[in-house]
Amino acid sequence: MTLTVALESPLAPDLDLLFARHVEAMHSDTPPESIHMLPREDLAVPGIDFLVLRDGQGTAVAMGAIKRIDATHGELKSMHVLAERRGEGLSRAMLSALVAQARARGFRRLSLETGVQPSFQAARALYAKWGFTECGPFEGYGPDPNSLFMTLAL
């Protein structure tokens, strides 16, 4: 399977499906006060690297972003893989690209917030397999019973 990953604008029209699915998934079982995803427009600002994973036909099948917290710390944001393409290793490929981008930016730590609900179990397992460990809330977050915070030393 041929895959490409590149920095792109989150505002590109061919990403509408990915964003619609991401928003739907976040609202499906997470209380509104515990949804910490950034609006699409807020991903198109300096300090955020937005990556898109495309298949051999050029179809956008996954996305993710890294938000700069400071010179050494980044936050993983908006990682999503189309549901019908899950099980193909795309989550691993997307996470690998995001970690590589964080390293290229010179970050020494990459952190994330994810849900505690069963629908986030696969994501939590993937992050743990990559070496992310649980941590407390970081930059801009407070305690949230619906959130799990994880970090990875790069």
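1. Buried means under 20% relative accessible area, exposed means over 50%, and partly exposed lies in between (1.4 Å probe, protein chains only). Helices (H or I, at least four residues) and strands (E, at least two) are DSSP runs, numbered from the N terminus. With those terms, look at helix 1: L18, F19, H22 and M26 are buried there. Seen down the axis of helix 1, the buried residues fall within an arc of 95 degrees, so they line one face of the helix. The arc is that of the directions from the helix axis to the C-beta atoms. E24 and S28, on the other side of helix 1, are exposed. An α-helix has 3.6 residues a turn, so residues three or four places apart point the same way.

2. A word on the basis of this note. This is a predicted model: local features need pLDDT of at least 70, side-chain atom pairs count only at pLDDT 80 or more, and totals for chains, interfaces and linings use all residues. Residues are numbered from 1 along each chain as its sequence is written, and side-chain values use heavy atoms, with hydrogens and water left out.

3. Two strands pair if DSSP finds at least two bridges between them.

4. Follow the pairing from strand 1. Strand 1 pairs with strand 2 (residues 48-54) in the antiparallel sense, over 4 bridges. V5 has L53 in strand 2 as its bridge partner. Contact means heavy atoms within 4.5 Å. The buried residues of helix 1 pack against strand 2, strand 3 and strand 4.

5. Now strand 3 and its two hairpins. Strand 2 and strand 3 are antiparallel and share 7 bridges. L51 has G64 in strand 3 as its bridge partner. The hairpin formed by strand 2 and strand 3 has 5 residues between them, and G58 in the turn has a positive phi of about 85 degrees. Strand 3 and strand 4 also pair in the antiparallel sense over 7 bridges. Here A62 stands opposite V81 in strand 4. The hairpin joining strand 3 to strand 4 runs through 2 residues.

6. D55 deserves a look. D55 sits in the loop between strand 2 and strand 3. Is D55 buried or exposed? It is buried, with a relative accessible area of 8%. The side chain of D55 reaches the backbone nitrogen of Q57 at 3.0 Å. Leaving aside residues up to four places away in sequence, D55 touches T2, L3, V61 and R85.

7. How many salt bridges are there? The count comes to 8, where a salt bridge is a side-chain nitrogen of Lys or Arg within 4 Å of a carboxyl oxygen of Asp or Glu. One of them joins the side chains of R54 and E8 (2.8 Å, N to O). R54 lies in strand 2 and E8 in the loop between strand 1 and helix 1 (16-29), so the pair ties together parts 46 residues apart in sequence. R54 is buried at 12% relative accessible area, and E8 is partly exposed at 25%. A network of salt bridges links E8, D14 and R54.

8. Another salt bridge joins the side chains of R105 and D49 (2.6 Å, N to O). R105 lies in the loop between helix 2 and strand 5 and D49 in strand 2, so the pair ties together parts 56 residues apart in sequence. R105 is partly exposed at 48% relative accessibility, whereas D49 is buried at 12%.

Methods: Polar contact = N/O pair within 3.5 Å; in protein donor to acceptor, adjacent residues only side chain to side chain.
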